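These are my notebook entries on what I looked up, taken in the order in which I went through the model.

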Amino acid sequence: MALYPWQTDVWTSLVRRHRKAGLPHALLLTGSGGIGKHELALNIARWLLCQSPADDACGACHSCQLWAAGSHPDFMLCQPEESSKQIRIDSVRKVNELIYQTPQISASQVVILRPAEVMNPNAANALLKTLEEPAGESFIILETERFGSVLPTIRSRCQRINLSLPMVKESLDWLAAQGVSESDARIALQRNGGAPVSAAHWLSSGVADIQKKWADELVRWTLNQAPLDKIAGAWSKLEFQDVVHWFYQISCDMMKSSCGAGVEYLQFAEPVTELQNSVVADQLMLVRFQEKVQQMLGQLMSGASHHNKSLTIEILLLEWQALNKVRSGVNA
Ligand SMILES: [Zn+2]
């Protein structure tokens, strides 16, 4: 569980800060998804728990052994349970119980809570007091990629550590070290907002191919070359949040492209270029469509969505086709 190369500076400053005055008891790690926030949080936790820490956890003490075995009694990872997208009060109660006990092995207890913005109001309230008056030497590390969606009461009780996107060169070097060719790495970074960990996952998980197929099908649908039920049927088997996310990205791309942005600024460069050559997008309808999918995405990410998947996909497809008028002379 090594740190990513772009995390060296933030790590060094955390170590220095802890030696000087001790780290704050509640940290909020913020920054884009896919840059390694969680890996950093895990490293901090292991190091805070270590019984003979130097510039990193020692890897050999009883605490480090328990950590490696995944059974450290002074550590808790609090995240939504599988069937849910929210962190509920029961989970936060367990966090509070751990924090108010005496640590069993280490000098402190450490909790990682992620993502911080999906605590429902009851859960957040239950955490407030613990954040305000942490027991003993305990630490709570929260993670979020949507700082603005974290309740202000939570934000104000944490020290924020913002992790910026690595430089393109750092990301390319790291991806090259994972065996990714430069051309693939550039496309993967472009498609993943410059986030290298997401880019690597995107390439290795097969999402790249699924996304490409999705975009191809969208182009065919836009140009009236495929029937609605076939496309909607295929897409209803995909991860719904992915579909909504891609619709959001491609509508952003269409806007950027119609304002003259170069392909290097587009996530879906190829399909968007093809569409720009074949259709005229109604700009007002495009803005409304983008706002709609953005809102939908926010609801999905916070676990507050109750959309009928197949029906919503059909509606989005119909709205998308209505706003993109096929140019005359283009073979539909
Ligand atoms: Zn250790």
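Predicted model: local features only at pLDDT ≥ 70, side-chain atom pairs only at ≥ 80, totals over all residues.

I began with Gln321, which touches Trp221, Thr222 and Asn224 when residues up to four places away in sequence are not counted; contact here means heavy atoms within 4.5 Å. The place of Gln321 is in helix α15, residues 309-323, where helices (H or I, at least four residues) and strands (E, at least two) are DSSP runs numbered from the N terminus. Its side chain and that of Asn224 are joined by a polar contact of 2.8 Å.

Residues are numbered from 1 along each chain as its sequence is written, and side-chain values use heavy atoms, with hydrogens and water left out.

Next I looked up the metal site. Which atoms coordinate the zinc ion? I found the SG atoms of Cys50, Cys58, Cys61 and Cys64, at 2.3 Å, donors being N, O and S atoms within 2.8 Å of the metal (3.2 Å for Na, K and Ca), and since water is not among the atoms, sites may look incomplete. The angles among the four donor atoms run from 104 to 118°, and the site is tetrahedral, a label given to four donors if all angles lie between 85 and 135 degrees. For reference, the ideal angle for four tetrahedral donors is 109.5 degrees. The donor residues follow the spacing C-x7-C-x2-C-x2-C in sequence. Within this set, Cys50 in the loop between α2 (37-49) and α3 (62-69) and Cys64 in helix α3 are 14 residues apart, a pair that links distant parts of the chain.

Are Cys50 and Cys64 buried or exposed? Cys50 counts as buried because its relative accessibility is 7%, and Cys64 counts as buried because its value is 4%; buried means under 20% relative accessible area, exposed over 50% and partly exposed in between, with a 1.4 Å probe and protein chains only. Leaving aside neighbours within four places in sequence, Cys50 is in contact with Ala57, Cys58, Cys61, Ser63 and Cys64.

Strand β1 pairs with β4 over five bridges, where Leu27 stands opposite Ile141, and with β5 over four bridges, where Thr30 stands opposite Asn162. Five of the five residues of β1 are buried: Ala26, Leu28 and Thr30 point one way, and Leu27 and Leu29 the other way. Strands β3 (residues 110-113) and β4 (residues 139-144) are joined by four bridges, and the partner of Val110 in β4 is Phe139.

How values were computed
Tetrahedral: all angles 85-135°; square planar, octahedral: opposite > 155°, others 65-115°. Polar contact = N/O pair within 3.5 Å; in protein donor to acceptor, adjacent residues only side chain to side chain. Pairing = 2+ DSSP bridges.
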